[in-house]
Amino acid sequence: MRSSNNLIGLVNFFTFLLSIPILGGGIWLSSRANSTDCLRFLQWPLIIIGISIMVISLAGIAGACYQNKFLMWLYLFAMFFVIAALIGFIIFAYAVTDKGSGRFVMNRRYLDYYLHDYSGWLKDRVTDNGYWNEIGSCVRDSGVCKKIRRDLNGVPETPQMFYFRKLTPVESGCCKPPTDCGYTYVNETVWIPGGEMVGPNPDCMLWNNDQRLLCYQCSSCKAGVLGSLKKSWRKVSVINIVVLIILVIFYVIAYAAYRNIKRIDNDEPVGEARMTKSHPSHFQI
């Protein structure tokens, strides 16, 4: 019995450690929500799951140390639902970020982002006027478009240098006009109409060189936020999948150890001895 208790305690300790990357992923998403992603919702389910795993693991460790079967049972019962919640979160994260990505542009290293390439719940939430007013203000206040500027000895970088920069989805969607608008580069956040007619993209008329406006109301900016959210969620989901697999393995080990403790407490023999007890021999010496 003591070895089973030690095993459960050890499993709970490693489970406690597994909660750290989950909680860290939630905190990372929270920091992104305050800077570039600007959607203050997605991080909370992950943070709650991480804290829940920590608390439940501590209960399991206490149960193993003090041989409290109720705490061990509580650990197994609660952890089952936490694992189910983590599975649901991973499925949800992949489902809402399934569609949409940047488009390659000829003679450009960066990608352009178009809102109609995205669909589903996340798009509806981001494009909702009430949410977008807050998200757009967050993107503007984060200074992401100010940080995009570069210069060489006080001279702005040339168009060719800018065209071959790798921009983030938010930088590409919010800080410059879409490429198909035909604007001419002056610097990173100042563009003027070129010799050709402005393209049919509605965002072409929304672009403004006023640094407080730029393309923050453009569909491309909303698409850029969606593209950034997709990249963030997919990174966190990969970590969560690895943690989930290990968590399930630990859960099975803890469950088997708990069953063994119950068997010992009930004085139930194992294997052949158990069969002998259930069907005692009729032959006596």
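Visitor: Why is Leu214 called buried?

Guide: Buried means under 20% relative accessible area, exposed means over 50%, and partly exposed is in between, with a 1.4 Å probe and protein chains only. Leu214 has 2% relative accessibility, so Leu214 counts as buried. This is a predicted model: local features need pLDDT of at least 70, side-chain atom pairs count only at pLDDT 80 or more, and totals for chains, interfaces and linings use all residues. Residues are numbered from 1 along each chain as its sequence is written, and side-chain values use heavy atoms, with hydrogens and water left out.

Visitor: Why is Asn107 called exposed?

Guide: Asn107 has 54% relative accessibility, so Asn107 counts as exposed. Asn107 lies in the loop between strand 1 (103–104) and strand 2 (111–112). Its phi is positive too, near 65°, and Asn107 is not a glycine.

Visitor: And Gly194: why is it called partly exposed?

Guide: Gly194 comes to 23% relative accessibility, so partly exposed is the class. Gly194 is in the loop between strand 6 (190–193) and helix 8.

Visitor: What does Gly194 touch?

Guide: Contact means heavy atoms within 4.5 Å. Leaving out residues up to four places away in sequence, Gly194 touches Gly182, Tyr183 and Thr184. Gly194 and Cys181 are 13 residues apart in sequence and 8.8 Å apart in space, C-alpha to C-alpha.

Visitor: Why does Leu76 count as buried?

Guide: Leu76 has 7% relative accessibility, so Leu76 counts as buried. Leu76 is in helix 3 (residues 69–96). Beyond four places in sequence, Leu76 touches Tyr251, Ala254, Tyr255 and Tyr258. Leu76 and Ala254 are 178 residues apart in sequence but 7.8 Å apart in space, C-alpha to C-alpha.

Visitor: Which residues does the record call a transmembrane region?

Guide: The unreviewed UniProt entry annotates residues 6–29, 41–64, 70–96 and 238–258. Such annotations may be inferred rather than shown by experiment. In the model, residues 70–96 are 100% helix and 0% strand, with end C-alpha atoms 39 Å apart. Residues 238–258 are also 100% helix and 0% strand, with end C-alpha atoms 30 Å apart.

Visitor: What makes a set of residues a nonpolar core?

Guide: The members are buried Ala, Val, Leu, Ile, Met, Phe, Trp, Tyr and Cys, joined through side-chain atoms within 4.5 Å. The largest such core has 67 residues, and Met79, Val139, Phe162, Trp191 and Val225 touch the most other members. Helix 9 gives the most to this core, with 16 residues.

Visitor: Which residues line the largest cavity?

Guide: The lining is Val96, Thr97, Lys99, Tyr118, Ser119, Leu122, Lys123, Leu226 and Lys230. Helix 4 (121–127) and helix 9 (219–265) are the elements that give two or more residues to this lining.

Conventions. 1 Å grid on protein atoms, 1.4 Å probe; cavity = no way out; pocket = protein on both sides within 12 Å on 5 of 7 lines; lining within 4 Å. Helix = DSSP H or I, 4+ residues; strand = E, 2+ residues; numbered from the N terminus.
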